[in-house]
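Subject: The structure, and what turned up in it

Hi,

Here is the structure I promised to pass on. Please have it open while you read, as my notes follow just below.

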Amino acid sequence: MDDAQVDYLSDLPDEIKLMVFQHLDSFTIITLKEVSKKFASLSVDKQLSSTLCFYNDYRFKLVHLRNDLHKLRREIITSLNLNCVYWIPRNEMKRCLSLDMLDSLYVLDTNLRLHDICSKNKLKLKTLAITVTDTDASAACYDPIRNLKKLCVHYWNFRRFKIVPFIQECEELEELWVVDVGRSPDTPRLEDRIYINFERLKRLVIMRNTHFTDSDKKHHIAFMCHRGKANLCIESTNSEICDIYKSEFYETVGCVEWNRYLNELNCDNPFSLHDAKKLVYKQATLDDIQFQELSFIHKRLCSEVLKPTVIALLALPNTRFLRKLSINRCILTGNHELSVEHSRTELFKSSRISRVHVAQSTLDAIVEHSPLIEELEILDCERGGTVANAIDYSCIGKLSKLKSLVLEYSNIDRDRTYLLDICKSCSNLTSLKFWMKRLQHHSFTLLTDLRKSIPFWKALKDLRYEQFSLPLDVLMESLASNSQLKLERIVLLCNKTDAFSSEPLVKFIKRNPQLILVYICVINLPDAFRIQISRTLKHLKTQQQIFIITNRYKSPPVLPHVHVLEMMEYNTSVSVIHPFKDFY
């Protein structure tokens, strides 16, 4: 018999099978029952089913909540993560509150409300992550949450909910997250002031617009994360620490470039929370730490001194294993190539750029120096203006492990097909976001490049495309003609369109049943036509799918926050805290 037909797994002892199954994701575990009766019995073992995570897992449906969780594992599950499972109705989500052994519940960005949890007197939670809205203002009984050790509160379209009395009821709280990132710019700021007992609290994470007042922050270190997604992470410590957020620290370190970047130029801290902790707790130094991610995005501090400083930092040996990088286009253009002439200056020591050749472009040198990058983001300066020289983005194709790419186009060489070159080479690319806001010309070049690259989207799941003028019918026909697409989320934004009808869009949707989000915004789209297309799409969507056609860019329709965070915003997750993934 052919070895490929022999079932070796069935002959293994149950203990070995369980060890193998522990490497599976939670959805695969609960569907093991479909393989055999033996696998079905093993799938409800406490080792496998006590902790389940279905975060943003679109395969998870109502039938799984009813049968696989509520019926088969009611007395087994102790920790359940349903973050961003927004498609299950509120009355059905309440089933998870009947799990007998539950002590950790994660339901951010779902239909389950705080009022539902507080109404379950028998529920005794130790960890809770919950989205609060106006409907939670009437929650009166806090008994189920009094013994909480860890709490994450996510604000979303609230007006009346007050967090102060809610937190004060959590008498044993040791870790608190307050996430206030789901609002539009027009929404009033939260003005609550929360008094924290730092003698008990070991960790506090603050995200946007929330003001905290503390009585005693001795023995605490504050990690300031980059670009505003997470303002502050405060942790208690009795260890000896280095305060990397004070200028005195960089005046004593031997690395001239870091002193210039963070102390003299006063730039935002570029480190991830993971790397910052290593530096603070003296587990590594700036000379020997192997950076995992860096964000050099600057706002209006762009200068001729900043550019060579950033280039020198990216040429250091300990950036060779970078996984995530965020940088401005101005750093990659102009007279800032890594060359032999630069190696004789203080900023460009020859030992640090030994692999960089004469006349090699800055971006090409970065790609060659850090070939393991998985997330790359290149944005324009916020100070405005257009970079004179176009960048040759095709060298990005050398990043064989690249999974996420964000590009802002200000200038495009008509004769180059950057997207095609990148998509051909980066077979692991799952997320592509790019836009061309400042220049209206060259739009046809970019669209043509995009259409030619579609056959090479072998793994692409997320697409965000913004352009002043966009022929939507042409794009939809190109997308619908490719039968190998795996797109799950697509966001298209433009001021005007030459052609937009329902037929190509419906054709695209019908041929791609895996779609979760289709969001199209055309500023000059007539309301009557928008309503007509929306009605057509309404009959096509399933419970999990969201199809939105709008002409309002500044005040878009309400979306589940996971889509706002990952698709509507420009930035990636480089050097920030993710509110749905990092609280556990």
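First, one term: a residue is called buried when its relative accessible area is under 20%, exposed when it is over 50%, and partly exposed in between, with a 1.4 Å probe and protein chains only. On that basis, 55% of the 584 residues of the protein are buried.

Please keep in mind that this is a predicted model, where local features need pLDDT of at least 70 and side-chain atom pairs count only at pLDDT 80 or more, while totals for chains, interfaces and linings use all residues. Residues are numbered from 1 along each chain as its sequence is written, and side-chain values use heavy atoms, with hydrogens and water left out.

**The whole protein**

The protein has 20 helices and 20 strands; these are DSSP runs numbered from the N terminus, with helices being H or I of at least four residues and strands E of at least two. Its accessible surface comes to about 26200 Å², and carbon and sulfur atoms hold 49% of that. Those areas come from the Shrake-Rupley method with a 1.4 Å probe, and for residues only the protein chains shown count as cover. A contact means heavy atoms within 4.5 Å. Among contacts between residues at least 6 apart in sequence, 71% join residues at least 24 apart.

How much of helix H20 (residues 561-568) is covered? The helix is mostly covered, with 8 of its 8 residues buried. These are His-561, Val-562, His-563, Val-564, Leu-565, Glu-566, Met-567 and Met-568. They pack against six strands that you can pick out in the model: E5 (150-155), E16 (431-436), E17 (462-469), E18 (489-496), E19 (517-522) and E20 (546-550).

His-154 sits in strand E5 and is buried, with a relative accessible area of 0%. Not counting residues up to four places away in sequence, His-154 touches Leu-108, Asp-109, Ile-130, Thr-131, Val-132, Val-179, His-561 and Phe-580. Ser-431 belongs to strand E16 and is also buried, at a relative accessible area of 8%. Leaving aside neighbours within four places in sequence, the contacts of Ser-431 are Lys-403, Ser-404, Leu-405, Leu-460 and Asp-462.

**Helices that pack on each other**

Two packed helices are described by the angle between their axes and the distance between the axes. Here the axes are lines fitted to C-alpha atoms, for helices over the stretch in contact, and angles run from 0 to 180 degrees between N-to-C directions.

The axes of helix H17 (residues 472-480) and helix H18 (residues 502-510) come within 8 Å and cross at roughly 25°. That makes H17 roughly parallel to H18; angles under 35 degrees count as roughly parallel, over 145 as roughly antiparallel, 65 to 115 as roughly perpendicular and the rest as oblique. H17 passes H18 in a left-handed crossing, meaning that the near helix is turned anticlockwise from the far one by less than a right angle, whereas clockwise would be right-handed. On the H17 side, Asp-473, Met-476, Glu-477, Leu-479 and Ala-480 meet Pro-504, Leu-505, Lys-507 and Phe-508 of H18. By class, this contact has 6 nonpolar, no polar and 3 charged residues, where Ala, Val, Leu, Ile, Met, Phe, Trp, Tyr, Cys and Pro count as nonpolar, Asp, Glu, Lys and Arg as charged, and the others, Gly among them, as polar. H17 is mostly covered, with 7 of its 9 residues buried.

H18 also packs on helix H19 (residues 527-538): their axes come within 11 Å and cross at roughly 25°. H18 is therefore roughly parallel to H19, and the crossing is right-handed. Ser-502, Leu-505, Val-506 and Ile-509 of H18 make the contact with Ile-533, Thr-536 and Leu-537 of H19. Those residues divide into 5 nonpolar, 2 polar and no charged.

Helix H10 (residues 256-264) and helix H12 (residues 306-314) have axes that come within 9 Å and cross at roughly 135°, so the two are oblique to each other.

**One last residue**

Lys-452, in helix H16 (residues 443-453), is partly exposed, with a relative accessible area of 46%. The C-alpha atoms of Lys-452 and Leu-420 are separated by 6.3 Å, although the residues are 32 apart along the chain.

Best wishes
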